[in-house]
Amino acid sequence: MTSDEQTGDERAGAGHGGCGCGCGTPGRDAFVPLGSRPADAAAAPARGRHDVEQAHVPAGRFTMGDSSGDRNPGDGETPRHEVSLDAFEIDATTVTNADFARFVGETGYRTEAETFGFSAVFHLAVEADPADIMGQAEGTPWWFGVRGADWAHPGGPRSDVEGCEDHPATHVSWNDAVAYCAWAGRRLPTEAEWEYAARGGIDGAKYPWGDTEVDDGGWRANIWQGTFPRDNTLDDGWLTTAPVRTFEPNGYGLWQPVGNVWEWCQDWFDPGFYEHSPAANPTGPDRGGMRVLRGGSYLCHISYCNRYRNSARSSNTPDSSMGNAGFRTVSLAPEP
Ligand SMILES: [Ca+2]
Ligand SMILES: [Ca+2]
Ligand SMILES: [Cu+2]
């Protein structure tokens, strides 16, 4: 890690850790001391087949940032600003366990959860021997570092993804997602592309479906119901991940941009970036320590977290992996 990145890490980390919502994602360093990192994950080999259905997002302009006044202080959801984007194709769903299994099967790629030997699992999802539970994340005791937890063992060594082939791949770090993209001939969406696509053509709305509340007339996203972090009433049907085609897609055909799993974006995270973002095809800060995560997850709660909104922002270090984050990809170049 360069000194530039460390500077960015400290700046971005303050906003992330201070949110008080607790249903974000714990960083790799919450569980291991600095200086004990394994070598970087191996570079991804040759091109593979990417089977995820595509949604077309037309070129256009939109207002990026919080329009509803629900922003979380410190996340940098404002100032609102006009952004124009070229057209692109984006995955209609997050990359599934079946998709990720094919990538791993063809390349032998080892994720960072595997090379570090552990990943972050929500306490009610742990399926591991006590000896494999390393401990809780500082400040967020509902996260356990679990040895042997990875995309194929999302609860730990005693779990697998049988029957969950159509659920989002999780325990995938930003670096792992980028390796998948290299194999698939894709890239992660920029943060602006993600928000524009999540809005589904409805400018200025709080959610991908508009401004109707998430629980009005039935649940519209997979978040947490009940008393976090112990009692989940499962009113929306899901404690952890739901199949990627659950609920209804938005106006561009994207399923579950908000809720279910956080989604990695290409950009470095900087809560001050909107102050000086370029107006056309912004790609984020030049450097940083944290990468952007968008959309919230099954751990977000209606009463206090509120990050299952179009404009909500979070971040984590690029080597962090957890059971509530995955990714979707975009086309490398605009379609002609
Ligand atoms: Ca749920
Ligand atoms: Ca999502
Ligand atoms: Cu949340």
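Two strands are said to pair if DSSP finds at least two bridges between them, and strands themselves (E, at least two residues), like helices (H or I, at least four), are DSSP runs numbered from the N terminus. The structure is a predicted model, in which local features need pLDDT of at least 70 and side-chain atom pairs count only at pLDDT 80 or more, while totals for chains, interfaces and linings use all residues. Residues are numbered from 1 along each chain as its sequence is written, chains are lettered from A and ligands numbered from 1 in the order in which they are written, and side-chain values use heavy atoms, with hydrogens and water left out.

We can begin with an open sheet of four strands, whose order is E13-E12-E11-E14 and whose pairing is mixed. Strand E13 (313–316) and strand E14 (325–326) stand at the edges with a single partner strand each, so one side of each has no neighbour in the sheet. The partner strands E11 (residues 262–268) and E14 run parallel and are joined by two bridges; in one of the pairings, tryptophan 262 has alanine 325 of E14 as its bridge partner.

Contact means heavy atoms within 4.5 Å, and, leaving aside residues up to four places away in sequence, glutamate 191 touches Met64, Cys265, Asp267, Tyr274, Val292, Arg294 and Arg313. Glutamate 191 and aspartate 267 are 76 residues apart in sequence, yet their C-alpha atoms are 6.2 Å apart in space.

The last stop is helix H2 (residues 97–107), whose buried residues are Asn97, Asp99, Phe100, Arg102, Phe103, Val104 and Thr107. Helix H4 (174–184) is included in what covers these buried residues of H2. The axes of H2 and H4, which are lines fitted to C-alpha atoms over the stretch in contact, with angles running from 0 to 180 degrees between N-to-C directions, come within 11 Å and cross at roughly 75 degrees. That makes H2 roughly perpendicular to H4, because angles of 65 to 115 degrees count as roughly perpendicular, those under 35 as roughly parallel, those over 145 as roughly antiparallel and the rest as oblique. On the H2 side the contact is made by Asp99, Phe100, Arg102, Phe103, Glu106 and Thr107, and on the H4 side by Ala179, Tyr180 and Trp183.

Note on methods:
Buried < 20%, exposed > 50% of the residue type's maximum accessible area, 1.4 Å probe, protein only.
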